[in-house]
Amino acid sequence: MYGDDVRIRQILINLLNNAVKYTHQGEICFTVQDHSSADRNILYFEVRDTGIGIKEKDLPKLCEAFERIEVSRNRNIEGTGLGMSIVSDLLHLMGSQLQVQSVYGKGSTFSFELAQPRISEEKIGDYEQRIRYMHQGEHYRCKLLAPDANILVVDDNDTNRMVFCNLLKQTKMQIKEVDCGAACLEAVQKEHFDLIFLDHMMPEMDGVETLQRMRCLPDNLCVQTPVVALTANAVTGAKEKNLT
């Protein structure tokens with residue numbers, strides 16, 4: 001089939017991440033169906049969850065960039081606005097649109113169809129064999145030891161911080177964790193850090209506002225400390241935007 005596998009993967013990762021964040025119990029079901037015709041395949045993708053659901057009045061806000069839904073209820077969950085906006089825009093460019101069905105308190109179903117022209121009947125490979133080959137010989141070896149380095153990681157998501165600390169565990173760096181922008185501002189006034197990792201999307205005070213306030217603090221002990229943005233927004237232009 002002829003299509004953009006990178007963007008399709010990006011769309012699905014956004015939808016699945018969103019389902020995981022808002023489903024505290026129950027299940028998440030991901031299905032793909034193929035409806036073939038003479039010269040093309042109609043691919044139907046669906047992500048269904050038993051999460052908290054969305055109120056009917058909030059559905060129009062879902063694909064608006066940076067729009068927060070039920071801020072008071074979801075203050076500890078990273079916003080869905082940017083991710084859903086990206087999904088909607090990408091599907092529009094591919095001649096499709098995101099369909100959403102949701103029952104508040106019971107769950108949501110996100111789905112879309114993509115028409116993919118079929119170029120050839122020849123098989124292009126064995127997916128399972130490709131995965132096995134990709135994982136052959138993968139042995140991570142830490143090449144950096146910095147026991148004297150003092151690092152600050154700022155992220156409102158407990159799981160993200162746990163993954164971050166485990167990834168750097170073998171470096172023996174000294175890592176301090178805080179879960180919000182206010183705690184970050186307090187930390188940099190008490191202690192010098194060699195490097196700060198700052199999450200972009202946080203409730204109440206996001207990473208951009210935190211950085212701006214940090215630079216204006218008179219008692220900031222980390223004025224010259226490099227700040228690295230942590231973000232799941234890996235689309236074209238995001239790197240340049242965060243560097244400005």
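Modeller: Both faces of strand β5 are covered: N150, L152 and V154 are buried on one side, and I151 and V153 are buried on the other. Buried here means under 20% relative accessible area, with exposed being over 50% and partly exposed in between, using a 1.4 Å probe and protein chains only. Five of the five residues of β5 (residues 150-154) are buried, so the strand is largely enclosed by the rest of the structure.

Before going on, keep in mind that this is a predicted model, where local features need pLDDT of at least 70, side-chain atom pairs count only at pLDDT 80 or more, and totals for chains, interfaces and linings use all residues. Residues are numbered from 1 along each chain as its sequence is written, and side-chain values use heavy atoms, with hydrogens and water left out.

Now the neighbours. β5 pairs with strand β6 (residues 174-178) in the parallel sense, over five bridges; strands pair if DSSP finds at least two bridges between them. In β6, V178 sits opposite V154. To get from β5 to β6, the chain passes through helix α4 (residues 158-167), and this β-α-β crossover is right-handed. That means that, with the strands pointing away from the viewer, the path from the first strand over the helix to the second runs clockwise. Helices (H or I, at least four residues) and strands (E, at least two) are DSSP runs, numbered from the N terminus.

β5 also pairs with strand β7 (residues 195-199), again parallel, over four bridges. There, V154 stands opposite L198.
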